[in-house]
Amino acid sequence: MASYSSSSSSSSIVCALVGLGIFLGHIHGCLGADYATALTKSLLYYEAQRSGKMPPNQRVQWRGDSGLQDGKDVGVDLVGGYYDAGDNVKFGLPMAFTLTMLAWSVVEYNSQLGAKNELKNALNAIKWGTDYLVKAHPSPDVLYCEVGDGNSDHACWQRPEDMTTPRTAYRLDDQHPGSDLAAETAAALAAASLAFKPFNAAYASMLLVHAKQLFDFARNHQGLYQNSVPVASQFYSSSGFQDELLWASAWLYRATNDETYLNYLGGSGTTGGTRTMFSWDDKYAGVQILVAKLVLDGKVESSGLWADFKSQADQFLCSCLQKGSSNIQKTPAGLLWFQPWNNLQYVTSAAFLATVYSDYLAAKRASMHCLGALVQPSDLISFAKSQVDYILGSNPNGMSYMVGFGSNYPTQVHHRGASIVSIKSDPALVTCQGGFGLWFNRNAPNPNVLNGAVVGGPDNSDAYWDSRSNFKTAEPATVTPAPLVGVLARLA
């Protein structure tokens, strides 16, 4: 049976009013409307996920330095980057996708981020990751793709500052290819170069050099990364690499205007078809939206493969809006439902695509064709807003699934650092197994609030179980708030 956190706040109650399945989320005082606060917290979250030496301007003060020996086993400085979720592993594929989406958020909405005084924080969040990716790419055909491994890490419950687990570094090279991960890293660096170009041209240019090399590495030495690094397969197994190659080429074309990348996109012979999600593993829907922009902008013909890309972009979003031929499931209260494990990561990515596509269409006074209906840009924004409002508290539980937002949010988030007292408050070593007895099994709120983290979310009946042992839906991950940053900036 699901258990729910209680709250004395009447604002949480009004946020959850339901009338015939329709939420009245914007009654005066409803917390769901405070997008600016949610934006601030979503960027703060990334500071809590930092690996490495904390900088002087670190705002999340319960965290300390960690992973300072990363890369020592291979003689490469791999200090930095982000811990993936509630664990202390640096997984390359979701980290790179996180950075691509943070960068896309900045590329589209830098003026809105600036207006809310969050542009610098967004760029800092990207740079903390891209600095690490650059270090992880010490030569053209070498990419370090993981530090630590899930099995040994998950067998312990320790804050990152106390880690006693192996910090093995795993690499891809011309004999051990990983086109998916190398191309996603290329996409991240190309998108980040666009984000930084107006503010730090030299840094943007350096990122682009690495992006081009990584794309060539991915294209010339093809293979699935988990075949080269089997320890990754149990946690972030890639289903293919053609989508990442197209995704990287789309970003490189946008960053360089070099026809080589456009020709790669156009010569691929595939659009990926209509997708059922957009995620760290499946980039096709993102590619389709980027190509749809090229069609709308008149940079490619609106026929043949290019028109197919745009049509598939339309169809994915039609299915999200329940106006397609094979609609995406929704919970009774209206949340998109993709799968039981960290469902909200797919909700935020779909909401982001709807948001940017709305703006692409509106700029050309265009609309989207769904089954028997024209969908206007305003309909896409309304859809994105409905999903964000649900996440922020307009749901049957009156609970915000963004930690620290509002007065009623998950308190037992599955997260090692947040669930253990700060090393600054109590420096006594928390051992690998000792952490389970002392902290994991405590039926009490986490001592540290992981502001801005978005948990996996409710089940397909809108129920949520706030328990640290619930790793399927109570664990946050870096991939989830990254697209939300763009949507919140647009709505704030």
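Asp-462 is buried in this predicted model, with a relative accessible area of 5%. Since buried means under 20% relative accessible area, Asp-462 with its 5% falls within that class. The phi of Asp-462 is near 75 degrees, a positive value in a residue other than glycine. The residue is found in the loop between α16 (434–440) and α17.

Two further backbone positions have positive phi. Asn-257 is not a glycine either, yet its phi is positive, about 60 degrees; this residue lies in the loop between α9 (242–256) and α10 (259–266). Gly-393, which follows α14, has a positive phi near 135 degrees.

Helix α14 itself covers residues 377–391. At 1.5 Å a residue its 15 residues should span 21 Å, and the end C-alpha atoms are 22 Å apart, which agrees with that expectation. Its buried residues are Pro-377, Leu-380, Ile-381, Phe-383, Ala-384, Gln-387, Val-388, Asp-389, Tyr-390 and Ile-391. An α-helix has 3.6 residues a turn, so residues three or four places apart point the same way. The buried residues of α14 pack against helices α2 (35–48), α12 (304–320), α13 (344–363) and α17 (481–491), and also against strands β6 (368–370) and β7 (373–375).

The next element to follow is a sheet. Three strands in the order β3-β4-β5 make up an open sheet with antiparallel pairing. β3 (90–91) and β5 (169–172) stand at the edges with a single partner strand each, so one side of each has no neighbour in the sheet. Strands of a sheet pair through backbone hydrogen bonds, either parallel or antiparallel. Two bridges join β3 to β4 (residues 143–147). In this pairing Lys-90 stands opposite Val-147, and Phe-91 stands opposite Glu-146. On β5, Ala-169 is the residue opposite Val-147, and β4 and β5 pair over four bridges, again in the antiparallel sense. Five of the five residues of β4 are buried, so this strand is largely enclosed by the rest of the structure.

Side-chain packing can be followed through the nonpolar cores. In soluble globular proteins, nonpolar side chains tend to be buried together. The largest nonpolar core here has 159 residues, of which Trp-104, Trp-247 and Tyr-357 touch the most other members. Leaving aside neighbours within four places in sequence, Trp-104 is in contact with Trp-247, Trp-251, Arg-254, Phe-278, Gly-286, Ile-289, Leu-290, Phe-352, Leu-353, Val-356 and Tyr-360.

The whole structure contains 22 aromatic pairs. In one of them, Tyr-45 and Tyr-46 have ring centres 5.1 Å apart and planes at 65 degrees, so the pair is edge-to-face. Both of these tyrosines are buried.

Charged side chains also meet rings. Arg-50 lies over the face of Trp-128, at 4.4 Å from the ring centre. Lys-127 lies over the face of Tyr-203, where the distance to the ring centre is 4.9 Å.

Key: Residues numbered from 1 in each chain as written. Predicted model: local features only at pLDDT ≥ 70, side-chain atom pairs only at ≥ 80, totals over all residues. Heavy atoms only, no water. Pairing = 2+ DSSP bridges. Expected span 1.5 Å × (residues − 1). Buried < 20%, exposed > 50% of the residue type's maximum accessible area, 1.4 Å probe, protein only. Contact = heavy atoms within 4.5 Å. Phe/Tyr/Trp six-rings, centres within 6.5 Å; stacked < 30°, edge-to-face > 60°. Lys NZ or Arg CZ within 6 Å of the ring centre and 35° of its normal. Core = buried A, V, L, I, M, F, W, Y, C linked by side-chain atoms within 4.5 Å.
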